[in-house]
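Biologist: I am new to this structure and would like a close look at a single part of it. Please take me through that part slowly.

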Amino acid sequence: MSAAEPVVRAAGGVLWRESADGPEVAVVHRPRYDDWSLPKGHVEPDEHPVVGGLREVVEETGFRARFVREIGDISYPVPRRRKHGPGGASVTKAVSYWSALALGGRFVPNEETDELRWLPVREASALLTYPMDEQVLGWFGSQPRSASTMVIVRHAKAGRKQGYQGDDQARPLDSNGRAQAEALVDLLGTFAPGELLSAPPVRCTQTLEPFSAESGLPITEEPTMSEAAYARDPEAAHRRIREIAVRGEESGTVPVVCSQGGVIPDLTAWWAKADDVTLPEARNRKASAWVLTTSGGRLLTMDHIDSPLPLKR
């Protein structure tokens, strides 16, 4: 697509649940188009695509859910509507999909979707109207089945170290960083965390404080995730991150770990190499996040989400 070509952003998910015979996925019927599709919809102008994707899944299915891992992106041309400019041409619709584990709920027919069916992946694929939805479901079916998730977050913006007078451990978030921390509330919420851990520096704990206040979850200090501790003994941090993953798997809890720029790139590179996982491209921005799935402490997948409020360094 050309740089000037309009793009309509949308997001959604493959909503799934476990059954005795393997995962079942939700396929919805849309009366407006008389089609069967995966739940998705437009992302609001100021909405993060991950947040918008989960919102659309919940709205179209009636089920509460949490995102597990990224599935992939598709794009296709759609007729240009009046709000996008003069008719007669088309715009590109870009849709991002995530794996969404159902946590409970009940489908109620509505204007957008009047029927929902839970089906095994193969039967769901046969019912879908559009080949691109079948492709997304194929990607989902080829992913590891683990629903154990961990999120690693780089702390939000805290200004320049050179301009701060005092102990660097106490350097707080600046106004941009506080805005990033607030934006992380909705983003982290899509993964339904059950445990918050933070490296000791104030800027790390402050990054999780808005979500802690919203969720009621306490923040537990995790010394191994600080830059100073990692520089002294990276292997201790490697052991500890696996321990946190295993604990989350055993309890069914999603841990969120907030750390620093001097830790995360090396930590994620080590884990990806150790368990033969492709490391996603990442700029390691402040307040960005890595979403990991694990089994027995072994890394299965790793996805990266840029800062909810990207800022220039």
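Which order do the strands of the open sheet of 6 strands have, and with what pairing?

Modeller: This is a predicted model, in which local features need pLDDT of at least 70 and side-chain atom pairs count only at pLDDT 80 or more, while totals for chains, interfaces and linings use all residues. Residues are numbered from 1 along each chain as its sequence is written, and side-chain values use heavy atoms, with hydrogens and water left out.

The open sheet has the strand order 10-9-11-8-12-13, with mixed pairing; strands here are DSSP runs (E, at least two residues), as helices are runs of H or I with at least four residues, numbered from the N terminus, and two strands pair if DSSP finds at least two bridges between them. In general, strands of a sheet pair through backbone hydrogen bonds, either parallel or antiparallel. At the edges are strand 10 (219–221) and strand 13 (298–305), each of which pairs on one side only, and from one strand to the next the twist averages 25°, where axes are lines fitted to C-alpha atoms, for helices over the stretch in contact, and angles run from 0 to 180 degrees between N-to-C directions.

Helix 5 (residues 202–215) touches strand 8 (149–154), strand 9 (195–198), strand 10 and strand 11 (255–259), and its direction makes about 160° with that of strand 9. Helix 8 (residues 264–274), in turn, touches strand 8, strand 11, strand 12 and strand 13, with a direction that makes about 150° with that of strand 8.

The nonpolar packing can be followed from here. The largest nonpolar core has 59 residues, and L15, V151, I152, L188, F191 and I241 touch the most other members; such a core is a set of buried Ala, Val, Leu, Ile, Met, Phe, Trp, Tyr and Cys residues joined through side-chain atoms within 4.5 Å, buried meaning under 20% relative accessible area, exposed over 50% and partly exposed in between (1.4 Å probe, protein chains only). Helix 4 (residues 175–189) supplies the largest share of this core, 5 residues. Leaving aside neighbours within four places in sequence, F191 is in contact with V50, R66, F67, W98, V151, V254, V291 and I305.

Definitions and conventions. Contact means heavy atoms within 4.5 Å.
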